[in-house]
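Dear colleague,

Please find below the structure I am handing over to you. My findings follow directly after it.

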Amino acid sequence: MGALTSTSRCILVICQRLLHENYNVWNIDKVRNLFSEDVAKRILETPLVSSVHEDKVVWEEERNECYSVKSGYKLAMCYIIGNDTYHVAGNWNGIWKAQVPHKTHHLLWRLCRGCLPTRYRNVWNIDKVRNLFSEDVAKRILETPLVSSVHEDKVVWEEERNECYSVKSGYKLAMCYIIGNDTYHVAGNWNGIWKAQVPHKTHHLLWRLCRGCLPTRYRLLERRLECTLNCPVCDEEIEDELHIFFRCAVARDSWCAAGLSSVLHNAAYQQINAMDRIFAVCSNESNDTAGRVTMLLWCIWHNRNDKLWNDNVQMPRQIGRYVFDAWNDWYSVHKLQSNSVSGTTEADLVRWEKPVLGWVKCNVDVAFVSGSGRTSVELCFRDNSCQFMVGKTQWRQTVISSVEGEA
Ligand SMILES: [Zn+2]
């Protein structure tokens with residue numbers, strides 16, 4: 001049975017039982033009963049040699065019938081070279097002929113096959129690394145594998161697919177660590193804040209406010225900065241977040257002037273600290289209303305700083321009016337840019353309307369050029385068919401309020 005080369009030992013043991021006792025002939029019935037038709041056919045085709053009495057495993061590729069790495073590799077390469085791209089062209093015989101110990105042949109072979117570990121090709125200058133860095137840093141550098149296909153160094157940010165750093169992913173990563181192991185996390189509906197329809201700079205104000213890092217006088221004192229505690233706007237009460245944004249007389253009047261008094265007085269938003277109020281407003285109100293409130297808070301803070309650093313005082317009516325206009329302007333432009341105007345917005349409601357028959361409509365606007373001390377006024381008259389009738393512009397060397405100017 002010496003010719004049964006490609007079958008395993010256990011098959012050979014079974015085969016022995018398939019022979020007639022003392023004969024080198026297959027027990028055909030037994031074979032056909034035990035195996036499927038095609039396997040039985042192949043078994044029965046295997047010639048039985050009378051001189052071989054015991055089964056053994058035979059390697060056909062060598063004369064002595066014993067397996068060798070050389071002939072195994074040759075056989076494998078025959079199949080591999082025949083149909084794919086693993087073959088590396090070159091004078092391989094030349095390498096094997098070199099008169100050196102086998103282990104050095106193998107090094108050459110691995111080198112020419114491109115499968116030598118990278119540390120043999122791209123290597124760290126160990127002395128230099130150790131001289132330049134502290135022991136632990138040097139250790140981590142030297143442990144970093146060098147990849148032969150990378151020729152130029154570049155900074156890579158792993159948190160983004162395009163490998164470029166972004167504040168968003170950086171913040172996300174930082175928060176993962178922070179939330180995971182310490183007390184910096186502030187609970188609240190942060191998504192509600194970021195969803196408010198409003199310019200980014202005002203989002204940031206809300207974020208700082210809710211993180212407790214807006215430098216109100218109360219916060220400054222909390223961080224051991226010596227300063228007066230009184231509100232710089234009204235000079236009557238302690239300036240904390242609740243006072244400056246919700247309770248200060250100027251703030252309250254500004255809320256009303258901006259048309260948001262219903263939000264200010266809503267029973268659902270009377271929490272005892274400003275953060276909780278803001279989280280509640282952003283959660284319950286529409287993104288537009290939350291946006292208007294955010295814009296108002298930004299203007300109140302801006303006004304407070306203007307008073308503190310420049311001694312400029314604005315009336316609550318001016319603040320409220322500015323909030324209304326600024327939000328509508330931003331919203332119109334934002335909607336135009338996103339090209340997705342849907343439904344009726346408050347911005348649509350302030351469109352120009354033509355006067356009724358027999359009337360003439362006059363639109364007035366004033367402008368201030370900062371630093372010039374001038375106030376300019378523009379007038380435009382139109383009839384009930386929207387036709388322009390007459391216009392006028394003029395300026396005065398004086399600074400008056402927008403309400404006075406338009407009056
Ligand atoms: Zn105040």
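In this predicted model, Glu163 counts as exposed, because 11 C-beta neighbours lie inside 10 Å of this residue and 12 or fewer is the limit for that class. Glu163 sits in the loop that runs between helix 8 (135–142) and helix 9 (167–181). Its backbone also deserves attention: the phi of Glu163 is near 65 degrees, a positive value in a residue other than glycine. As background, most residues other than glycine have a negative phi.

A second residue with a positive phi is Cys386, where the angle is about 70 degrees although the residue is not a glycine. Cys386 is placed in the loop between strand 2 and strand 3. With 11 C-beta neighbours inside 10 Å, Cys386 is therefore classed as exposed.

Between strand 2 (residues 374–382) and strand 3, the antiparallel pairing extends over 8 bridges. Val377, for instance, has Gln394 in strand 3 as its bridge partner.

The remaining findings concern a pair of helices. In general, two packed helices are described by the angle between their axes and the distance between the axes. For helix 17 (residues 287–310) and helix 18 (residues 316–338), the axes come within 9 Å and cross at roughly 135 degrees. The two helices are therefore oblique to each other, and the crossing of helix 17 and helix 18 is right-handed.

Which residues of helix 17 meet helix 18? On the side of helix 17 they are Gly291, Arg292, Met295, Leu296, Cys299, Ile300 and Asn303. Helix 18 contributes Ile319, Tyr322, Val323, Ala326 and Trp327 to this contact. By class, the residues of the contact comprise 9 nonpolar, 2 polar and 1 charged.

Yours sincerely

Key. Residues are numbered from 1 along each chain as its sequence is written. This is a predicted model: local features need pLDDT of at least 70, side-chain atom pairs count only at pLDDT 80 or more; totals for chains, interfaces and linings use all residues. Axes are lines fitted to C-alpha atoms, for helices over the stretch in contact, and angles run from 0 to 180 degrees between N-to-C directions. Helices (H or I, at least four residues) and strands (E, at least two) are DSSP runs, numbered from the N terminus. Angles under 35 degrees count as roughly parallel, over 145 as roughly antiparallel, 65 to 115 as roughly perpendicular and the rest as oblique. A crossing is left-handed if the near helix is turned anticlockwise from the far one by less than a right angle, and right-handed if clockwise. Two residues are in contact if their C-beta atoms, placed from the backbone, lie within 7 Å. Ala, Val, Leu, Ile, Met, Phe, Trp, Tyr, Cys and Pro count as nonpolar, Asp, Glu, Lys and Arg as charged, and the others, Gly among them, as polar. Two strands pair if DSSP finds at least two bridges between them. A residue is buried if 20 or more other C-beta atoms lie within 10 Å of its own, exposed if 12 or fewer, and partly exposed in between; C-beta atoms are placed from the backbone.
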